[in-house]
Amino acid sequence: METDTCLQTAAELLAPWAQETIEPEPGRVDVVVAPGDLVAAAHALMDARWGYLTAITGLDPGEEDGRLEALYHFACGAAIVTLRVRVPRAQPAVPSLIGVIPSVSFYERELMEMFGIVVEGTPNTDRLFLPEDWPDGVYPLRKDFRMEQLGG
Amino acid sequence: MASEKFVIPIGPQHPALKEPGHFEFNVDGEIVTDASVRLGYVHRGIEKGAETRNFVQAEYLVERICGICSHVHATAFCLGVERLAGVEAPPRAQAIRQIVAELERIHSHLLWVGVAAHEAGFDTLFMYTWRDRETVMNLLEGITGNRVNYSANVLGGVKCDIGSEQAEAIQIGLNFLEERTRHYLDVVSSDAMFLRRTRGIGVMTREDAERMGVVGPTARASGVPRDVRIDAPYLLYAEHPVELVIEEAGDLEARFKVRVRELFESYRVIRELLTALPEGELTTRIPRRIKPAETISRVEAPRGELFYFIKSNGTDSAERVKVRTPTLPNMASVLVLSVGHQLADVPMILAGIDPCFSCNDRMAVVKRNGDEQVWTWEQLRQYGIEYYR
Amino acid sequence: MSTLTALIALLFFPGGLIILLAGLAYEWADRKLVARFQNRIGPRWFQPLADIVKLLAKEEVVPQGVHPGLFVTLPVIALSGALTAALYVPLFGLAPSYSFSGDLIVTVYLLSLLTLCTGLAGANTLNRFSLIGATRTLTQLFSYEAPFLLALLGPALAAGSWRISVIADYSADRWLLLAQPVGFVVALIGLMGKLELPPFDAPEAETEIVAGALTEYSGRGLALFRLGKGVELVVGLTLVAAFYLGGVANPLAFFAKTLALLVVLAGLQSLLARLRIDQTVGLWWRYGTILALVQFLILIVWEGLVA
Amino acid sequence: MKVMTMWRDALDGLIKSPATQRYPFVRQVAPDRLRGQLHWNPESCTGCGLCAKDCPAEAIEVIVLDKKARRFVFRYHVDRCTFCAQCVASCRQGCLEMASDAWELAAADKDDFLVHYGAEEDVEAVLAGAPAAGTPVAE
C-alpha cells in the first residue's frame, strides 16, 4: 500500500516532464523524460525528499535503434522510480546531476566510460575503471563493441 | 618545499588494502588535505560477460563478483531472473537462501571486525574474530559444500537442503558465536585504547550520509534507517523480519557497533527460520528462454544495498545485467571523510565502509570461446604483455 | 683486562656473537608469546635465525636518490651502538665487561643510537613511507627518551651512583619495584616505545606506511637493523630487571627475571591497540614524564631528609 | 571505559592448544557435502550434454562416439572447474556427483588436470584423435 502511494507521489511530482509513463512490474514506475528535463525532474524528486538515487544503468538497445538509454533509478522503500533518458547514438549527451545529488560522480563516470554517453558538467572525467591506455571512443558495454577495437 | 604537495600514494599494492585500489592522499604533516581514488585494478568484465553467457552460467559468474558476499549476488540474480521468468522458488528454498545469506552476513561482519581491528593495530582482536569466523565458515561448508562461493543457489531454488543434522550444527555454532559476539561488542564499545582509535573518528552526520547516498551499515551507523531487508522485503524477510540496527554517532565506533549488533539479529532470524522451516520442494522448473522484459532486484548485502537490473530479450541469455554494488556509493564518502584526519586514521576510515574492490570493479572486457569475440590464449597473452609494457 | 679477554668479551662472550644469538632467541620468545596470547602456534624456534640468514644472503638494493655511503653505514652504526651498550650491562648474570663511573648515561644514549640511525635511514631515502616513518620514529624518540632516562635515574639516585654495576649491586638485595613502582612502569613502557613494539609501533605501522623508516631496506641492512633490535631488547630487559627486580646476580635469576618481563611485554603488546603518533606523544609528555618527574622529586627530597 | 578487555582471551590462548590447523601434518575430515572432484557414472547417461552446456567454466566436454550404442567419453578439465555443482543439478539422470574426499587436486603437470571418464577403449580412441568420429556436444 505504502509503495503505491510512494509511486503515485512520484508520478505526480514528475508529471510536468513525463513524456511517457510505464509500469513495468509491481512497485516500479518508469518515466521517460527528455535529456533537457532530467535535472529538473531529479530536482523535483530530491526537493520532495523522495528516496535516493540508487544506480544509473546504461542501456544499448542495439545499433539499429539509433539511440542509447540512461536509466536513473530512484528508490524509496520498496518503490522504484526510473527516469529513462533516451539520447541519440550519434551524439549521446545527458546533463550532470552533480548539482542535485553530490554523490552522483562515480555513477556518471561509469556511464561515460562504459557507454560513451557524455555527461555534461560532471566535475571529474578522469578514467575511474578502465585502464589509462584504453583507446578513446571505445565503449565496452555497447553492443557493437568488438575486441579488435582495442588494437594491439 | 612547504608549498609543495606531499602525496602519499596508497595502493594499488599496499598492506592496508587487502585488494587493489589506488588512493592518493595529500598530506600536510600528518593531516590529510585532499584525497582521490582510481579503481578498476580488478576489472573482469562481468557485466559484459553476463550478456554472453546463458542465465545458468551467468549466475555463477555474478557469484564471483565478490568472494565475501558471493551468495547475495547469486541470490539477487536468481530472484531477478525468476521474476522475469514468472516463477517463484519454493518457500523452503527461500528459507534456505535466507539462512545462507544471514550466515554469510555473520562471516562477512566478523571478517570486517578483524580487518578493521588490524588496521587499528589491534591484532589480538583480529586473530580472535577470525578464529571464531571459522565456525561459521565450517557451517557454510557443511550446508553447501564450499567455504566460499557456496553456490547454494540454482535458478528456481537451491541445491542443498538443511536437514536436522545441519540444523543442529547451526544451533551449536550460533550459541558459541552469540557468546563470543557479546564479548566483541563489549570490546569494541568499552576498550579504552581501542576507542581512542574509533571514537569521534571519521564522523559522518546523518545529513552527510544522506547527501552522499551511502548504504548499508555505513548509513545505519549515521542514523539513516536504510535496509533493504526491511524497506523492500525479499525472500522470507516479510514473514521473518530483522529489526533495524541503527546508531546515531556516525563515527567508526558506531560502525563497529552497528555491524556487531547486526550479528545478533542474524542469529535470531536464523534460529527463527530453523524452527519454522517450510516443508516442500527445493527447486521449481524455470524456462531456459525468457521473454523480453526488464526487472530490478535489490537485496541487502553485508555491505549494503545491492542493486541488479536485468533485461532479458527472449533468448537464454541476458540482454543487459547491471550491478551496482554497495561499495561504489560508500567509496565516495571515504574521500570526503578522510580530509582533515590524521594519516593514521585513513586506513581505519577506509576499512570503516568495508570496501570491496572486486565488487566495484566488475565491468569491461572478457574473453569467450565459441563467439564472435574470440580471444585466443595467444591474443590474451599478447594483450597482457602489451598492457603491462 | 688483557687484550685477548677483551677481544673475546667484545666479539664472542658475553658481547658479540652470543648477545646476537640471545637477541634472536628473545625475539623468538616474544613472537611465540604474542602468538600464544592470540591462540596461534607462532614461529618455530629457528625462525628469527632463518630470517636473518635469508636476509644476509639476499642482495642489498641501494635505491636511487639516497646517499649510498650513509645507506650502508647506518645499519652498521646502529648495530655497533647496541653491541657496545651490551658491554656495560650485567648480561647473563655476569659482571659487566666494562664499567666506569657514569656508564649508565652512556649506555642509554648508545641504545638511542639505533633509533636515531633508523630515523636517519628513513630520512635518507626518497620513499614517502620512509620519510613519514622517519618523522614518526624521531618524534617518538623525543617523547619517551626523557621519561625512560628519568625512570632509570631513580635507582641510580637511590644507589648514589651512576655506574651500572654499583646500582645493580645496590638493588640486588632489594626490590626497587616496590619502592619505585612508577619508575618501573615508566621504564618498562619506555622500553616498549624504544623497541617500537605495539602499541607504540606507529613508526612502522604497516597498514599506513608499510614498514616505516626501513621500507627501502632489504638484505644486509635490514638484517643488521633487526639484529640491533634484538640486542636492544636483551639489553633493555637486563637493565630493567637489574634495577627494579632485585638484580640479576646469577644466570638463573637473569633468565627468570628477563623472561618474566618479556611475558609482561608480550601481554601488553597483544592487549593494546596501536596509538597514533600524536597520542603517543601526548601520553608520554602528559603522563609518563610528569609521573616520572614527580617520583624523581620525591626521591630527591626523601634522600635529602634521610641523609 | 575499560582497558585490556581481551585479557581473558589472551590467558585462555596461553592455556588452550592453538587454533592453528597443522594442515599438511594433520588433515581434517571434510564434510560429506564438500564438493571435490567430479565423477561421472556412465550407466544412465544419455549424452544430452546439458552438463556441458550449463557449465559456467566450460570444464566439461561430452564426446559422443556413438549415440545409439551409448558410447560417450566424458572429458573433465579439473583446472577449469569451479566446483559449483551446477552440472550435478542439471543432470536429469543423476550421473554426476562431486566427491567429498578428493579435494587436494593440485598437480605439477598440466596434463594431470585433464580427466577422461568412459570405457577404456573409448578413451583410448579419443586420445588417439578419434573425436572426429563423433562431434563433441559441447560448444
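1. Let's start in the middle: the largest nonpolar core has 289 residues, and Ala82(C) and Ala86(C) touch the most other members of it. By nonpolar core I mean a set of buried Ala, Val, Leu, Ile, Met, Phe, Trp, Tyr and Cys residues joined through C-beta atoms within 7 Å. Buried is taken as 20 or more other C-beta atoms within 10 Å of a residue's own, with C-beta atoms placed from the backbone (exposed is 12 or fewer, partly exposed is in between). The biggest giver to this core is helix α11 (residues 219-244) of chain C, with 16 residues. The core lies between domain 1 (1-38 + 330-355) and domain 2 (88-284) of chain B, because both give residues to it.

2. A word on what you're looking at: this is a predicted model, where local features need pLDDT of at least 70 and side-chain atom pairs count only at pLDDT 80 or more, while totals for chains, interfaces and linings use all residues. Residues are numbered from 1 along each chain as its sequence is written, with chains lettered from A and ligands numbered from 1 in the order in which they are written. Helices (H or I, at least four residues) and strands (E, at least two) are DSSP runs, numbered from the N terminus.

3. Back to those two domains of chain B, whose bounds come from an automatic or database domain assignment. Their C-alpha centres are 28 Å apart. Where they meet, domain 1 of chain B puts in 16 residues and domain 2 of chain B 15, contact being C-beta atoms, placed from the backbone, within 7 Å. On the domain 1 side, α12 (327-338) and α13 (346-352) of chain B are the elements that give two or more residues. That side counts nine nonpolar, four polar and three charged residues. For these classes, Ala, Val, Leu, Ile, Met, Phe, Trp, Tyr, Cys and Pro are nonpolar, Asp, Glu, Lys and Arg are charged, and the others, Gly among them, are polar.

4. Chain B also has an open sheet of three strands, in the order β6-β7-β8, with antiparallel pairing; strands pair if DSSP finds at least two bridges between them. β6 (293-301) and β8 (318-324) of chain B are the edge strands with a single partner each, so one side of each has no neighbour in the sheet. Nine bridges link β6(B) to β7 (residues 304-312) of chain B, and Ala293(B) has Ser312(B) as its bridge partner in β7(B). Across β6 and β7 of chain B lies helix α3 (residues 70-85) of chain B, at about 150° to β6(B). Such angles run from 0 to 180 degrees between N-to-C directions, with axes fitted to C-alpha atoms (for helices, over the stretch in contact).

5. Chain A has an open sheet too, with five strands in the order β1-β2-β5-β4-β3 and mixed pairing. Here β1 (20-22) and β3 of chain A are at the edges, each with a single partner strand. The twist averages 20° from one strand to the next. β1(A) and β2 (residues 28-33) of chain A run antiparallel, joined by three bridges; Glu20(A) is partnered with Val32(A). Helix α3(A) lies across β3 and β4 of chain A, at about 5° to β3(A).

6. Finally, how do chains A and B meet? The contact takes 28 residues from chain A and 34 from chain B. On the chain A side, β3 (52-59) and α3 (105-115) of chain A each give two or more residues, and β3(A) gives the most, with six. By class, this side has 18 nonpolar, seven polar and three charged residues.

Terms used
Two residues are in contact if their C-beta atoms, placed from the backbone, lie within 7 Å.
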